Structures are given as C-alpha cells and as structure tokens.
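User: I'd like to go through this one piece by piece. Could you take my questions in turn?

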Amino acid sequence: MTEVLATTPGLYPLPDWAKDELSDLKGHQKDDLISGEESSEITDAYDRVRDELVDWQIEAGLDRIVEGQGRWDDMIAHPLSVHENVETRGIVRYYDNNNFYREPVVRGDLTPDGDVAAELSACDATQAVLPGPYSLSELATDEHYGDEGAFLDAVAEFLSAEVAGFPPVETLFLLEPSLVTDAPEDGVDEHASEAIDTVASATDAEVVVHTYWGSIPEKPYAHLMDADIDAIGFDFVSDHEGSIYNIQEYGTKEGIALGVVDGQNTLVETPSSIAERVEWVHEQLPVQSFDTVYVSSNTELFYLPTNKAEAKLSALAAGSKEVSL
Amino acid sequence: MSFDGYADTRSQFRPDDHPTDHFLLTTVVGSYPKPKWLNRAKELAEDEDRYFDEENLEEALDDASRLITDEHVRAGLDAVVDGEMRRNEMVEYFAHRIGGYEFNGPVKVWGHNYFDKPSVADEVSYDEPWLVDEFNFTTGVTDRPVKVPITGPYTLASWSFNEYYETEEELAYKLADLVNEEIDALVAAGARYIQIDEPALATTPDDHAIVGECLEHIADGVPKDVRLGLHVCYGDYSRIYPEILDMPVHEYDLELANGDYEQLDVFKEPTFDKDLALGVVDVHTTDVETVDEIKANILKGFEVVPPEQLTVSPDCGVKLLPREVAYQKMENMVQAAREVEAALDAGEVDVGYAGK
C-alpha cells in the first residue's frame, strides 16, 4: 500500500504585512539582514510569520507541515549565514535566479548552534527542512578548513549536530539543488553521498534528499543511491525525462518525492493535473513500488507572490488526494 | 544592417556650436535619482485622507521630469533623458501598459528588497503608447536631443512569470513586436535615439541569439536615421562578443568602469565595427571620479574604436546614487569628454584603436 503525502520543500514567501513590517524593522541593506541575534520586536514578528505559514498549510490540508523558513533571508545558505564563525560578505547570485544571498565565508569552527532547531521547537512542524551538506558547502566559501573534502565533512558534521537537536518530526527534507546545478566530480560524488549519510544518520525521521533545476548526472545519482536515506526528490517540472531515466537505470529508494508543481511560476496547477503527473510517473516505472510518495513543488516557494503560493498549497493537497496508484 | 549603411546617425546629435572638430557624443543610460519630494508626493497621492489627487501627482511628475532634464542640460550632456521620473521600476512600468499582464503581489529579490513581478496570463497586446507622453513632455522642456531608453523584450520576458506562452523565447518575440510598435509611435513623435535595455542578458549570456532575433523584430521598418542602441551590463562579455556585432543596432552601451576595464580586451578582436558607448563612471560607488580619471577612462575606449565611434556614458542608470553625486559625475564626465576632444583636435592623443 502506497502512502501519498502532500508536502513542500519549505522556504515560503513572507506574508505581505511581514514584508513591510520586517523591512521597516530591519532595513534594506545587506548589513540589516538576519544575524541570529534579533531584537524582541523582530523575534515577535517572526513568531507571527511562523504561525501564519503553518496556518496556510493546515488550511490547505497538507500532510506534512514545515516551519516555513521565514527567517531565511539568505535562502538555503541560512544555517551558515547566522553562524558566529561565519562572515557574510557581498551579495551573490542564488543559482540561476534573479535572487541574491550574502556570501557566507567560514572563518572558524562550525560549532553546533541550534538555530534551526529553535525555529522548529517554536511550532508544530512535522517536517524539518535543511540544505544538504553538498549544496551548503557549494554556496559557501571556506577560509578555515583549507581543503574541499575537510570542509564538506565539517558542514556535514555541523548539519548533523543541528539535526540531533531537532524536536521529533516525521520527515526531514535535505535540499540538494547543487547536485544538479554544480554536480560533484569524480571522487567528490562519493564523498557528497557520504556527507549526506552523516546528516541522515542523526535522525529517526524519514530523510528525503530533494533535488531540482534539472536531474542529477548519472554517476552522482548512482552514488546517492548508496546513501542510507528513505527517498530522493526529483524535479518533474524542469526535467521529467532525465528524472525518469535515472530511476529506470539505477532504481530509487522505497520512498520518492515528486516535484510536480512549479514553484517558480504563478500558473496554478489544477488538482487533476497534479494527480495525472503523479500517476504518469508511476506508469513509467512498472517494476518499482513505493511505500511513500511525497507530492511536492519542485522548488522552494518564496519565488511566488503569496496568493499564488497559497493557491499552490491547496492544489497540492487536493491533487494528492485524487491520486490513484 | 551593416554599419556602413548606417554610419551617420551620430552627427544629428552634434550641437551646432560644438567648439571642437572632434565630437564625442555624451549621454546617460537613463535612470536618475528621484527628488525626495517626488516620493513624498507619491505617498500623499496614495493617502486617501489627504487632499492630493492624481492630477496633483501628474503635476509633481512633470516637475520632476523638467527638473532632471534641466539637470542633464546643465551638466552639458549632448543627448538627455528625463531620468525616468515616471517609471517606478524597469519591468513593472511597462507591464502596467501591456495587455495580457497581471500583478499578484511582491516577490523577493534579496533580503527585504521586493519587486512586483508581473505574470503574463494572456496574449500580450499593444493597448496604449508607453513612452510617447514622456518623450513629448521632455522634448517640450529642452532644445537638446532626447534619448529614449526602453526595457527590452528579453528582459521583460525573463523578469515576468510566463503563464501563457509555450516558451519564454516565444513571449520575448511577441513582446519585441510590441516594442517595434512603440518605436513607430515614438519615431512619429520625433524620437531619433532609442536604447533597448537588456540587463537580463547578463545572467543568461547564451541567449544572445534570442536577443538578436528580438532586435530584428524591433528594428523592422525603423527609419535609417533613427539611432538604435543596446545596453547590457554586469556580465561576462566574452560570452556575447563578437556575436552582438551582428545585431541590427548602431551602438552598444556597456558597463566597463566598474570592472576597471578588465574586460576591454574582449572587444579588440575582431574589430568593433559599430559605435561603442563606453561606461566611464562607476554607478556603484559614491566616490566622484575626477575629470582626469574620467579622461583616462575615455582614452581606454580608443583602444577599441576611433573617436568617431565613441560615445561617453556612465556604466548604467545612476538612480541608486545620491542626487548630488550623480550630478557631479555627469558634469565631470562631460568636462572630461570636452577636454579629450580638444586634445584630439590638437593631435595630442594617440588613438591606438584595435582596428587601425
């Protein structure tokens, strides 16, 4: 029996009132962004943001509720951007988007700091979201560990300690777009998979390694299959052929996350089209059976205006209920 | 379009009383800091409790437009702009005037900086002129030639959500046809200097062929004496040069001062056979370059083109600078150009351009 669950990779747009209120409280410049040491007014605003983002998901009827990551000014680079031994420098492009984050430069030991765990503890999230170790190390600059491999290990240990401090959750989404956009070379691909293992082993939750903006090249995909994780997430919006190819050639885990709703376009998918896409994937894989299918957007949702993001949540929930496998 | 057939769209901008034989056309990219009172006027117009209606706001926009045009004239620029006082943002402004677009609310660019990214929800259409009123007003307040910057179709397409067209490319070509219609209207109103702004090309340089095809749509039927320019900024130019030379425009306006002319060599081979509008002041620093520093930057341009093909311009729109800094940069820039022209007349400058 396959369980079909509606969820998202998190990183929601701020409600419009919060865009205004927080930009008034914090300012518009790079030195004004989140540092991990916010005033009580800012903390209070983010508490209200968190409540509202959780409400959106409950109202929509999602099966997994995320914290919403409203504080993540630097998108998935956030866990490093707020770290005391990380310096944030200039504004750099966030993947191939018209979005920017502060370049995090690691200048000292990545000691555990519990920033994301504290966010999760402040709400009733059933799904945690973190960057995967490979993507986070790719987004950052290392001026401390001195070696690419040592840095990846350090980032993995840091995330692992963060996960160990989480309150109980059902699912952990590790976002690994860099496995697609800046795929690891020979040798590093195996290491990236081991780093993911390090993080995944810190929790009893189901671990989903979610990838997007295309499909992972074959070899890193084959290595990812060696990691002790419960599901891999695929972007069926941007590259359904490459995703199907990987699964047909190398198999996949017993769970699967399907990015079938476009997180970067305001056109809202109908529930029936979402269900059809999920069923289509299932039909392409006659020899594969799944215990869990996560129906999701391909990317984070912060690219969207709030009305469309909310509409997509409702469509995801309704669409996943229509799925018949 | 070959350069030879269109060699002279430049001399029409040379002032009758220009003091030197040599003429380096001085201009700006377009945007300029808005006077603080204009922002206050906009807030008043949005406040229903205030006695300040749309008509009052229009008057404020006229005042701002006149003020900044005058400021450009005072700085001595040969071709002026009104500083884009009526435009809030380079995509939103046009999307509000193009049929098929809708707005759903702000989206994040970075930190707490947002942009009302519009959605193309239906077939795009030309329903009303976009810039003709702006152009008519500006030409009415100055005798100088007025340049018209227009956000290019590739950027309009890339920086919108596309709900309607199969591909972003298809949307870009449809929008290019609308830009062509707008240029018809502007030319009928007397415009002779039009610049297409394509900043989105910097993030996806491999799409230069799409931008080229867009420009074919845009240039179709445009009279030969109308000067067309393309502005591109903050990218890796080696990925678009020399391909851009084939585009049907007379002039390429490029940001180069910000990178300290590190990319200048890109343009030396093959020969740059169109006009180069060289960025000679950096718009991302409030330090005002001295006249001597700018003269040195202008001379860099002669490594690529001869004086007859050089236009002098800031790197990009100056709207993020404090207004007094923006003005001082313009004034120094014009002064530097005039001094270089005199030095050229006197034979004191070695023009070692690559095509010589």
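This is a predicted model: local features need pLDDT of at least 70, side-chain atom pairs count only at pLDDT 80 or more; totals for chains, interfaces and linings use all residues.

User: How many helices and strands does chain A have, and what radius of gyration goes with them?
Analyst: Chain A has 12 helices and 10 strands. For 325 residues the globule rule gives 20 Å, and chain A comes close to that, so it is as compact as a globular protein of that length. Its C-alpha trace spans about 50 × 45 × 35 Å along the principal axes. The radius of gyration itself is 19 Å.

User: Among contacts in chain A between residues at least 6 apart in sequence, what percentage join residues at least 24 apart?
Analyst: Contact here takes C-beta atoms within 7 Å. Counting pairs at least 6 apart in sequence in chain A, the share that joins residues at least 24 apart is 78%.

User: Which strands stand at the edges of the open three-stranded sheet in chain A?
Analyst: That sheet runs in the order S2-S3-S5 (chain A), with mixed pairing. An edge strand has a single partner, so one side of it is left without a neighbour in the sheet, and in chain A that goes for S2 (86-93) and S5 (141-142).

User: Which residue of S3(A) stands opposite A:Thr88?
Analyst: S2(A) and S3(A), residues 100-106, run antiparallel and are joined by six bridges. Opposite A:Thr88, the residue in S3(A) is A:Pro104.

User: On the side of chain B that touches chain A, which strand supplies the largest share of residues?
Analyst: The contact takes 26 residues from chain A and 17 residues from chain B. On chain B's side, S3 (107-110), S4 (113-115) and S7 (161-162) each supply at least two residues. By class, that side has seven nonpolar, eight polar and two charged residues. The largest share, four residues, comes from S3(B).

User: Now the open three-stranded sheet in chain B. Which residue of S5(B) is opposite B:Tyr101?
Analyst: The sheet has the order S2-S5-S7 (chain B) with mixed pairing, and its edge strands, S2 (98-102) and S7, each pair on one side only. S2(B) pairs with S5(B), residues 119-126, in the antiparallel sense over four bridges. Opposite B:Tyr101 stands B:Val120.

User: Is B:Glu168 buried, exposed or partly exposed?
Analyst: B:Glu168 lies in helix H6 (residues 168-188) of chain B. Leaving aside neighbours within four places in sequence, B:Glu168 is in contact with B:Ala157, B:Ser158 and B:Asn162. A buried residue would need 20 or more other C-beta atoms within 10 Å, and an exposed one 12 or fewer. B:Glu168 has 16, so it counts as partly exposed.

User: How far does H6(B) reach from its first C-alpha to its last?
Analyst: H6(B) has 21 residues, and at 1.5 Å a residue its reach is close to the expected 30 Å. Its buried residues include B:Leu171, B:Leu175, B:Leu178 and B:Leu186. Just after H6(B), B:Gly190 takes a positive phi of about 115°. From first C-alpha to last, H6(B) reaches 30 Å.

User: Why is S11(B) largely enclosed by the rest of the structure?
Analyst: B:Asp275, B:Ala277 and B:Gly279 point one way from S11(B), B:Leu276 and B:Leu278 point the other way, and all are buried. So S11(B), residues 275-279, is largely enclosed because its buried residues number five of the five.

User: Which residue of S12(B) is the bridge partner of B:Ala277?
Analyst: S11(B) pairs with S10(B), residues 251-254, in the parallel sense over four bridges, with B:Glu251 opposite B:Asp275. Four bridges also join S11(B) to S12(B), residues 310-313, and these two run parallel. S11(B), H8(B) (residues 291-301) and S12(B) make a right-handed β-α-β unit. The bridge partner of B:Ala277 in S12(B) is B:Thr311.

User: What covers the buried residues of H9(B), including which elements of chain B?
Analyst: H9(B), residues 323-345, has 23 residues and reaches 33 Å from its first C-alpha to its last. Among its buried residues are B:Tyr327, B:Met330, B:Met333 and B:Val340. Just after H9(B), B:Gly347 takes a positive phi of about 70°. The cover includes, from chain B, S1 (25-26), H2 (54-75), H8 and S12.

Terms used: Residues are numbered from 1 along each chain as its sequence is written. Chains are lettered from A and ligands numbered from 1 in the order in which they are written. Two strands pair if DSSP finds at least two bridges between them. A crossover is right-handed if, with the strands pointing away from the viewer, the path from the first strand over the helix to the second runs clockwise. The expected span of a helix is 1.5 Å times one less than its number of residues. Two residues are in contact if their C-beta atoms, placed from the backbone, lie within 7 Å. Ala, Val, Leu, Ile, Met, Phe, Trp, Tyr, Cys and Pro count as nonpolar, Asp, Glu, Lys and Arg as charged, and the others, Gly among them, as polar. The radius of gyration is taken over C-alpha atoms; the globule rule is 2.2 Å times the number of residues to the power 0.38.
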